[in-house]
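Okay, thanks for coming, everyone. I'd like to walk you through a few features of this structure, so let me put it up on the screen.

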Amino acid sequence: MYDQLKCVIVKHPEQAFISQSNLVDQWQTFNYIDVPDYAEALEEYREFIRMLNTHVDQIDYLPASNQTGLDSIYTHDPVKFTHDGAIILKSGKTIRQSEAAEMKTHLEKQGIPIIGELTGDAVSDGGDIVWVDNHTLAVGLGYRTNREAIRQLKKITEPFVNHFIEVPLPHDRGEDECLHLMSIISIVDHDLAVVYSPLMPIFFRQYLLEQGFTLIEVPVAEYETLGCNVLALAPRVCVLPAGNEKTKQKLEHTGATVYEYKGNEISYKGTGGPTCLTCPVIRY
Ligand SMILES: NC(=[NH2+])NCCC[C@H](N)C(=O)O
């Protein structure tokens with residue numbers, strides 16, 4: 001979604017990463033590219049929040065919990081918001097599954113409506129669920145989201161979703177790597193999306209073009225540095241991890257405003273860009 005972002009839920013690295021020694025202990029378990037530097041992460045996060053604050057009215061912070069780990073910094077994944085309320089998910093990455101309960105407790109405390117929750121064998125991450133428009137939902141089918149989750153999500157969203165698109169994802173680098181539908185598409189306006197086409201099924205790419213989307217192609221090198229992970233703060237106002245120059249220029253060329261943040265510790269090493277660091281609660 002690309003509408004004006006009013007409220008987001010985040011988790012500060014103080015609460016998710018906890019300390020340098022915790023990072024040293026845990027980064028391999030969570031399959032990070034390298035061990036993040038804690039002090040640097042705090043600095044990057046300060047800048048990231050400073051930037052968000054200029055456009056977002058309300059930023060809610062999840063508390064620390066001994067039930068969840070490093071990846072809980074990526075609050076986009078344990079829940080998906082609809083206009084009617086939240087759907088509680090269950091991660092396809094087993095060590096992240098406890099994040100759902102943490103998020104649910106927070107939503108209940110805040111009095112935010114919950115319209116559904118995945119049950120049984122269903123697994124899905126928020127990163128696999130993309131609103132193409134108010135009535136069109138695209139869901140990646142892959143290692144993080146299974147068929148049972150798609151069946152349940154279809155049912156939960158049936159009252160307000162006219163077009164539910166299942167997008168099969170490729171094996172790519174395997175089961176242990178993080179590949180979400182949102183790794184290959186970010187929608188930044190009603191007619192503009194940033195994409196990594198090499199991993200996109202042809203039918204989905206053609207569908208976007210038929211809907212009138214202009215597609216900004218992220219070059220291979222910038223795909224590696226999360227150039228395809230673009231957070232829309234408002235239509236054509238977006239946040240990009242620093243170092244993705246070509247993608248930035250292409251976005252600006254379409255009239256978009258692009259903010260950058262240094263995300264080596266909070267994004268790159270954990271494979272979670274600005275969309276992953278934020279859980280958008282209300283957009284209107
Ligand atoms: N929505 C996202 N793309 N989240 C990225 C999550 C990255 C995290 N390290 C994981 O493997 O789950």
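Let's start with a pair of side chains: are D189 and R236 buried or exposed? Both are buried, and by buried I mean under 20% relative accessible area, with exposed being over 50% and partly exposed in between, using a 1.4 Å probe and protein chains only.

Quick housekeeping. This is a predicted model, so local features need pLDDT of at least 70 and side-chain atom pairs count only at pLDDT 80 or more, while totals for chains, interfaces and linings use all residues. Residues are numbered from 1 along each chain as its sequence is written, and side-chain values use heavy atoms, with hydrogens and water left out.

Back to our pair. The side chains of D189 and R236 form a salt bridge at 2.7 Å, N to O; the criterion is a side-chain nitrogen of Lys or Arg within 4 Å of a carboxyl oxygen of Asp or Glu. D189 sits in strand 9 and R236 in the loop between strand 12 (231–234) and strand 13 (237–241), so this contact ties together parts 47 residues apart in sequence. Helices here are DSSP runs of H or I with at least four residues, strands are runs of E with at least two, and both are numbered from the N terminus.

There's also a network: D71, D77, K93, R96 and E99 are joined by salt bridges that share partners. Altogether, the structure holds 20 salt bridges.

Another one is E44 with K262, at 3.8 Å, N to O. That pair links distant parts of the chain, 218 residues apart, with E44 in helix 3 (residues 38–53) and K262 in the loop between strand 14 (257–261) and strand 15 (279–283). E44 counts as buried because its relative accessibility is 3%.

And R144 meets D125 at 2.8 Å, N to O; both of those are buried too.

Now, helix 6. Which residues of helix 6 (residues 202–210) are buried? They're F204, Y207 and L208. Covering the buried residues, by contact (heavy atoms within 4.5 Å), are several elements, including strand 8 (163–168) and strand 11 (214–217). After the helix comes G212, with a positive phi near 95°.
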